[in-house]
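Colleague: I have a few "how do you know" questions about this model, if you have a moment. Could we go through them together?

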Amino acid sequence: MIEVVAGLILDGTGRLLACKRPEGKHLGGKWEFPGGKVEPGESPSDALVRELEEELGIRVETATALTPVVWDYGRGPIRLHPFLCRILSGQPHPHEHSEIRWCGPDELGELDWAEADVPILEEWRAMDTR
Ligand SMILES: Nc1nc2c([nH]c(=O)n2[C@H]2C[C@H](O)[C@@H](COP(=O)(O)OP(=O)(O)OP(=O)(O)O)O2)c(=O)[nH]1
């Protein structure tokens, strides 16, 4: 099982940050929550702080953990651990994604999400963290 973390970053007005995977990569063109694989010896929360600094140039703190999602895209199972996060410093800039977008509830529903993220989005919608 590959452990992956993903951050639901809120902007304080009810919008979430969606990130587009670059064409040519696995799941290229799909939208995801930023994050990546947990390295040996790291907690999921530490991994997310590291990944968001690398991918977006922001420092975050993690808050509520949502329900992990187990998914298999045909390359073996991944377990995706979602966390709500808050930006402590910096403005997000895409270092590894082709595009990033702050989205309100309606816009979120219009994006072509990676399949493992769909249940996460549904859980978030049901929570109403705004
Ligand atoms: N970071 C992230 N990965 C996700 C999400 N949803 C989802 O299915 N994934 C998948 C895509 C990848 O297979 C894996 C995350 O690994 P990664 O983002 O470090 O991907 P990577 O570029 O290293 O992938 P690869 O080189 O191994 O193909 O989980 C998500 O919301 N965030």
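Colleague: What makes strand 2 and strand 8 a pair?

Modeller: This is a predicted model, and in it strand 2 (residues 16–20) and strand 8 are linked by five bridges in the antiparallel sense. Pairing takes at least two bridges, so five bridges qualify strand 2 and strand 8 as a pair. Within that pairing, Leu17 faces Trp102 of strand 8.

Colleague: Why is strand 8 called an edge strand?

Modeller: The open sheet has three strands in the order 3-2-8, with antiparallel pairing. Strand 8 (99–103) pairs on one side only, and so does strand 3 (31–32), which is how both come to be edge strands.

Colleague: How do you know which residues belong around the ligand?

Modeller: A residue is taken as near if its C-beta atom, placed from the backbone, lies within 6 Å. There are 16 residues around the ligand, and His26, Glu32, Gly35, Gly36 and Ala116 come nearest. Strand 4 (35–37) is one of the strands that supply at least two residues of this shell, along with strand 1 (2–9) and strand 7 (77–89). The most comes from strand 4, with three residues.

Colleague: What makes up the shell by class?

Modeller: Nine residues are nonpolar, three are polar and four are charged. Gly counts as polar here.

Colleague: Where does the label "Nudix hydrolase" come from?

Modeller: From an unreviewed UniProt entry, whose domain annotation covers residues 1–126; such annotations may be inferred rather than shown by experiment. Over residues 1–126 the model has 22% helix and 37% strand, with the end C-alpha atoms 28 Å apart.

Methods:
Residues are numbered from 1 along each chain as its sequence is written. This is a predicted model: local features need pLDDT of at least 70, side-chain atom pairs count only at pLDDT 80 or more; totals for chains, interfaces and linings use all residues. Helices (H or I, at least four residues) and strands (E, at least two) are DSSP runs, numbered from the N terminus.
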